[in-house]
Structures are given as structure tokens and as C-alpha cells.
Amino acid sequence: MAQVKTITGKITAVDDGGPLPGASVKIKGSTTGTSTDSNGSFTIQVPSTNAVLVISLIGYKTQEITVGSKTTVNVGLASDAQDLQEVNISTALGITRQAKSLGYAAQSVKSEDLNYNHQPNLLNALQGKIAGATISSTGGGPGQGASIRIRGVNSIDPNISGDPLYVIDGVQIDNSTSTVGANPDGTAYGSRGVTNRASDINPEDIETINILKGGAATALYGLRGANGVVVITTKRGKQNGISVNFNSSYGFDEVLKSPDVQTEYTQGVLGVYTNPPGGIGPAWGPTIAEAKLIDPTHPDQLFNNYDRAFGTGQQVKNSISVAGGSEAIKFFSSVSQLYQKGMMPNTDNKNFSGRLNTDFTISPKFKAAVNMNFTNSGGYTYSADRFGESLAYWSPRYDVADYQNADGSQKYFGTNNPIWGTANNRFKGDVNRFIGGASLSYDPAKWLNFSYRLGVDTYNDNRVRTARGPMYATEAMYDNAQGFYGEYNTKFRTINSTVVATLTSKLTDDITGTLRLGQELYDRKSKEVGTLGSILGVYDFFNLANAGVLTPTQTLKQKRLIGYFGEATFDYKNYLFLTVTGRNDITSTLPKANRSFFYPSASLSYVFSDQFKLPTVINQAKLRLSYARIGKDASEYSTFTGYSPYTQLPTGTGGLTIAPNLGNPDLRPEFTNTYEAGLEMSFFKNRLGFDFTYYYSLSRDQIIQTQVSSAVGYVTKSINAGDIRNRGVELVLNGKPIVSKDFRWDVNVNFSANRNMVLSMPNGISEIVYGAARGYGNAGVTMKLIQGQPYGNIYGSYFNRYYGSTPEDPIVLDKSLPLLIGANGFPSISGGKQKLLGNSQPNYIIGMGNTFKYKNFSLNVLFDARLGFEKYNWLEDFYSAFGLPDYTADRRSYKVFDGVLANGTPNTKPVWLGQNTVDGVNYGEGYYRIYYRNVSEPFVSDASWVRLRSASLTYNLPENWLPAKSIKNASLSVTGNNLWLWTKYYGVDPESSSFDSGSNNDGSAGFTYPSARTIMFTLNVGF
């Protein structure tokens, strides 16, 4: 009788001796097998000494080893350049295809590349790693939202999300950013650090992420894939034993960039010391020395209250996963817990996640899988813009961190304390979410497969707002007024099902064909119910029954989409691949006559290195061409004209009014035509490679809500009008500069450039305002679309220029012309007139990742750059109004402004930059308050940046240090995120945004949650 024996071993690479994780180790002639762990180690049971182990890994030559009397098998695999062509990628609808057969760009990120920088938000973990994707975080707060835009913005309607579709294990999931209850004053910039729902996903559960960018890549997903698709595949179980992995991280966050402030002048007005400060007085007073003569209690130094207001944040995450199985059942399960304490006082976030993935082999022809994920997330958030604005008002003569009296009231020094606001005006979210999917696959014949998948994504989002009322009549209450209690509940649910029949046949000796036919159902429902109670009877009793005024809100949205699709793929001699698709969608958001619409795609992949004998330095060469026409429908109820609640009535009185949007029963779908060409090549045994892509997309007949005359009784009307174009290039470079036995260096570079243009506007409309940011006087800016101009333009007031006999451009400010100086010697400003000052869309996005491995050490270093764009700096405008920036320290000096007078002669008149009367001239509140802070131009500044996005050093403990039977591998790592930043932008990280992560508006920053510099320490142990 054969005796089962246990074989252990390690698989390494011949070229550098490094371990090869994920290598397959199978017993020849059977389905029994396992794979190597992160150290390249494996354990397998064999039935006899005659057993043969087949060891394989994509990119390496397969080896067969006879076990014989061995109990340890250590194998070195040699690289096989041609075998790299067999790399598989998960594409649309979970279809797995060879990378060489794809006629469009698709970029993958593996688990180890995704997680080495330990980002809690999935989108932040992708930053710098994807070409053609603009990934931004709204700030560095706990649970802070993030957004991704693939190949620009393709809609001129600011209310339409530019977010891609997210698919996890075949289930389409929601990534919306809800501001329900988060901005009770109704301002978009008041949202309290709300997050995007993709942040619920635990990045450590992910095996790979594939980014599908162009229309041909996303065609089978239909209109929901019009902005690209993020395809997420989570980890699965493997047969032959059980493996356990434990991961524990602790980190701390500090503010990455803070404003440079002057430290010489204290509170006061017109240079005169006032205590307490009032009006404009945080820092327009005398010097500290002069103030101490008046007020001996004045501190010797001013407080840097930005640094005092933000503390050190913390991150703690623990997770454990168990994977294993047999030939019949495989499973992967994980549990993780994350807690983040914010740098802003009284803000935090928690996330508890549990996952179970199971795969069943019922018979050789019948397979099934069930995936389940539950998360509970939420925490306390606060409006970063309100916090920052209040901090600008606070005098540096007083310590902002000393904010509360013994009875709980705030220490009030002429203005409200922002830290007191975070402690007494609170907003807490609590989300319970379930994502589940089940799939069946049946192979009645070798050439035929039927598959069905059912998925559900559902969550309940409960939000509570509490703000106590005054304890006594004269108490300073900040934003609390007479007290508030609000409760808001969102119930969200999507169901999507997909059935696909796949037929594969050898059409001729040289051509293989594959035909897929399928149907998809997508059904979404969301309900939001909220009540805000104000004027509390008992100042700190938070109950709606204690409120004197109740303001209810309620929203219900439903949508259904049915799609029928087909895909035909032809493979000619395994080097020429043609794919043709067609899809017909039927949507509930368009009128009956127009709700059904069809759109096709075609792509070609030509691996000419497999047809022709090329120079030996070229390992692979592939040409890609594709075309697609993608349809899009309207937002819910765009065809419907109805009523909405009238909310301005007293409590207990109800009523309706006409809805603000006039529906259009003749709406048509909008279409985007996309074209793409690409070239992939690899050289020198795959030591060097590149992937170049050019793309062009034109979106026509856009569905927008345009302004209408108030005489008709509505605010907007839904129409088809307007075209927008995107075109650009993407380049991915891969290299292995050094490969030796003990040392290896891998480098990856992503480069992309997108150019956008609004080609046409709705009839009779010259511009569409899609965003604004306020400022002092006329310093606020607007973001608007104008025909012939790109998306992202920022318009604001400006310093007048001298044009002489040159005609003045009414739209674009020519900054090369000299300033027009008034007779008083100061620059002339435009007042309420606005011109184009900048654009928020970067010209170039670059990411460069480096991996260095030396024996048991590995170092990952990621640089990230965004170049050639501008943003409005709300913080700098306010700071300059109050005399806080470092450059306002020149207030006691004269200056001759460089420019010309109205007659064209050079200006030679010196003027005093400070306040009050000097040398018989009354300068009033001075240059910075009268001129500088009242014009937008100085604050729409270059926001380009280069940063060290992350650096992570890992040490894998030698196996002989570990208990042989209990611990398979262990590693220690230290990781730094946002370690270094270069930018000319004043005060804050320009990557942050004044708007929530679901907004298409990214033209303003400043009063945002500051970005964090994070240091993490991680222990990973495998059992």
C-alpha cells in the first residue's frame, strides 16, 4: 500500500535567487496541488515515492521533479520570456482572457503592489499606479473620501457623476458619496468629510484590480461603464491544507503642509492694539514688543494656531485571514478591524469587515461560488472648511487649544473657537453594508458553457447630528444657535444578475471562434429620510421631542436597466485577435419611445512578434486598435414634471410646490464614440518594456439640466445638447535595471496627458456654471463651461492690464501684459468682472514606482507628480485679509508696483503697504485688505506638485528563526506615506479639495482637511 508522505520546499528564481510566491506545485496526473507563499515556500502531501511534482509560474519554464526518497524539494525556475504572453486578465463581466488577445488598454495592480503602502481607502492605494487616472483625496481625515476620474470628464452636466463603475467579484457595487445631513446649511463646501462607499472594502482582501479605460474595454457593461470600470477580484481559497495570515499595523499621522505665517505683528486694527480682537483684527495690530508695552500679559511669541489646532492622528488595524480547501470546496475568509483617530480634534473613523469566499466543484461540469462581505463603518466628522475658516479668524495672540471654561462654555475672544465647535457640534455616521454574490457555471460540452451570477449590494446609513443649545442667554454658541438634533437614514439596495452562454469552436485549422450571448438586469433603489430638530427646550437633551421646530426631508429614487449583449472573438493562429461586441440597453430613465438603444464595439490585437522573426532583442510586439460607441441614459425622473415638498412652512403644516426641474418627455440617450490605438513591446528578455496608448472620445447629445426663465415656473429643464471631447496619451514603462543573485531593482513608470474641450453648448446658452468658491469682496471664483474652452476653467476677478491699442480679450486674461496702475500708485482691479485665470485639470500625471530587493530586505518607493494646473486657494484669501501670511510682514515698507499708468508711462510712485495714515497719506486698511484680498487672481495659483507618495521597507525573517511547525513566514515593515511634497501652492496640499469626493468640481482647495504624513509599523505572520 502506498504511503502518504509530506514534502516541503522553496521555489526561487534562477536569475536572482529571490523567492517566487504564487508558484503552482501540482502532482502530475491529478488535481491535487498547492501554491507557494510570500517566501516561496510550500508544503504538499504526495501518495508515493513515484509521484512527480509539476512546478510552474507564468514567466518561468515549468519543471517536473520526481519525489523519490526526498522530503525537501527546493527548485530554481528559469525565466521564459515567451511564456509571459500567457498572462490572463479579468475583463468585462468576469470574463478572463489572455492579455495578448486584448485590443484595448487594461492595466492591472496586484495585491502586493496595492497594499505595500497600507492605505485604508482602496482608491488612495491606487494613487500613482495607474496611467490615465486622476485619483484625488479630499484630505487626510479619518475615513476621508477619494475619487478617480479615468481619461477626463466626459459630461458637461455638473450633476452627473464622472465616477467609473466598480465591480467586485462580478457584483456591481455603489461608490456614491452621500452628503445627506452633512451640510445642513446647503453649501457644497460644507460637507463634513463624508466618504465614498468604496472605502468600505478592505484592500487586504483584494487579489487584483484591473482598470478598464476605453469604450471597447467596457462595452459589455453597457451605459454604466461609460466612465470606465474598476474590476476587483478578491482572494480565493486553495486546496491542500489550510493557511492562516495575521497582519497588525500601527501608525500615526501628522499634518503634511501648513501655512507659513508671519510672527511679528499681533492683533489689532490699523496698527492699533485691541484686546479682545474684533472685526478685521487677528493680526493687523502692532509688533509684539509694542503690544507688550500696552498689555504686559501678552505672550512673548505668537501662537501658531494651525499647528496647535491639529494634533497627531493614529491608525490601528488588525486583520486575520484563513484560506484552504480540497478538490471539492475551497474557501477564503477574513476579519479586519480599523480605527483611525483624526488630526482634527474629535474626529475619528472605524471599519469592521468580514468576508467569506467559497468555491464549489460539484462535478467536473458543474461549479458554483458564493461570496459575502459585511462591513460596519463610520465615525465622527466635522466640516473642514468651517474649521479652517474659524481658525483664520482666531487671533494668534491666544492659544486656540485652550478653548473651554470649567462649565463647558467656550473661551470667547472676539470670535468663536473652532475646537469648541468640533466638541459641541457633532456629526456621526454609522453604516452597515452587505455585498453578496452567487454564481453557477455549467459545461454540458467542451465547446459550451452556461453561467449565471446574482449579486446584491445593500446598506443602511444612519447619521446623527447633535449641537447643544445655550446654558444661559449670553453664552457664545458658535454655529449651534439654540441647539440642534438631526437624524438621517439612507436605505440603499442594488440587485444585478447576469446570464451568459459561451460557445467556442475551431472554425478552421487556423481560426478559433468564441461567441458569448447574455442578458443583464440592474435594479437600484435608494430612500433617504431625515429630520432636523432645532431650538432645543433642554439645551443638551438630544431628542426630536425636545425640539421646537422640525424640518423633515425625504427622497426616493428607483431605476431599472436591462441589457442584452453579444461578443464574438476570432483568434487567427494565436497572433491576430478580432473582437466584436453589441449591446442593447433598455432603461427606465428615458421615455418609452427612446429607452431602448443599441451600441457596438470592435477591437483588434495583432501580436506581430509571433508572426515575424524580429531581432532577438525584441521579445514581444503587439499592436492594438479599437472603436466603441457607448450609450448613456438620464438621471432618475428627468422626463417627469412633478411636485416636491414645500419646506418653508411652520412645523405641523404641510404643502407641495412644483419641482424645480421641468421634465422632457422627448429625451434621447447620449452617445460617446471612442477610438484607441496602442503599441506594446518588450526587449532584452523582458528587462525593458513599454505600453503606449492614444485615445480619442467625443460625447454628443449630452443630457443636461439647463437654466430656464423663472417666468415658466421652473429653475431647470432636461434637454439633449452639447458636445465634449477628450483626447490623450498614456505610457507605461517597465524595467529591471539590475538583476543579480542578491540584489534586484524593478521600476515602473506611468505617464498620461489628457486634453479636454467643450465643442458645443445648448442653444441660447453661452455658459454653464458648475461650481463656485467664495472669497472676500470680489475674490470668489466660478467654475464654468464655455464653448471652445476646456472643462476645469476657473474664472475670477483680476488686476487690470494695460492693453494700449491691442483689443482686449473678453474671456481670457493675458497675464503677460503689464499691470495697469492707478493714479494713487496701486494696481487697478476689475471689481465684479471675471476672466479665465486657470484650469484645474493637470496637463501631465506621472507616477514612478521602484522596488529594491536585497536578500531578505525589500524597499518600495513611489513618486507621484501632477503638473500644469491651477486651483483657487480659499485659505490664502482669508489669511491675507487678516494679515496672517508670512509675506504680509512687509506691511511697514514702501513699494513701487511694476506696471504702467493709463497713458502708458511706467509707474514710479512709491506707496505704503501698511494701514492708517503715513507721511500725510491715509492708506486706510492698507494694500492687502483694500486690493489684494479683494481680487481672485493672486489666489488662483499654480497647484503643480511632486511628492514621495510612499516608501516601505520590509524585512522577511529567515525561516530558520521561526518555529518550523507553527509559523511559515513572518515579516516586519515600516511604511511612510506622503513623506515629502514639493509645490508652490500656499499653505496646504493642493491635492485636497473643497468639495466632496462625489463632485466633478475640483477647482478649489484651502479650507480642507490637511493631508497627512503617515508612518506605519506592520507585523505580518503566516501560519
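Helix axes are here lines fitted to C-alpha atoms over the stretch in contact, with angles taken between N-to-C directions. In this predicted model, such axes describe how helix α6, spanning residues 384-393, meets helix α8, spanning residues 874-881: the two come within 9 Å and cross at roughly 20°. Angles under 35 degrees count as roughly parallel, and α6 and α8 are therefore roughly parallel to each other. The crossing by which α6 passes α8 is right-handed. On the α6 side, the contact is made by D385, E389, A392 and Y393, and on the α8 side by W874, F878 and Y879. Sorted by class, the contact of α6 with α8 holds five nonpolar residues and two charged ones, with no polar residue taking part.

Strand β22 covers residues 425-445 and runs antiparallel to strand β23, which covers residues 448-467; the pair is joined by 19 bridges. Within this pairing, L440 finds its bridge partner in Y452 of β23.

How values were computed. Residues numbered from 1 in each chain as written. Predicted model: local features only at pLDDT ≥ 70, side-chain atom pairs only at ≥ 80, totals over all residues. Heavy atoms only, no water. Axes fitted to C-alpha atoms, helices over the stretch in contact; angles between N-to-C directions. Helix = DSSP H or I, 4+ residues; strand = E, 2+ residues; numbered from the N terminus. Parallel < 35°, antiparallel > 145°, perpendicular 65-115°, else oblique. Left-handed = near helix turned anticlockwise from the far one by under 90°. Contact = heavy atoms within 4.5 Å. Nonpolar A, V, L, I, M, F, W, Y, C, P; charged D, E, K, R; others polar. Pairing = 2+ DSSP bridges.
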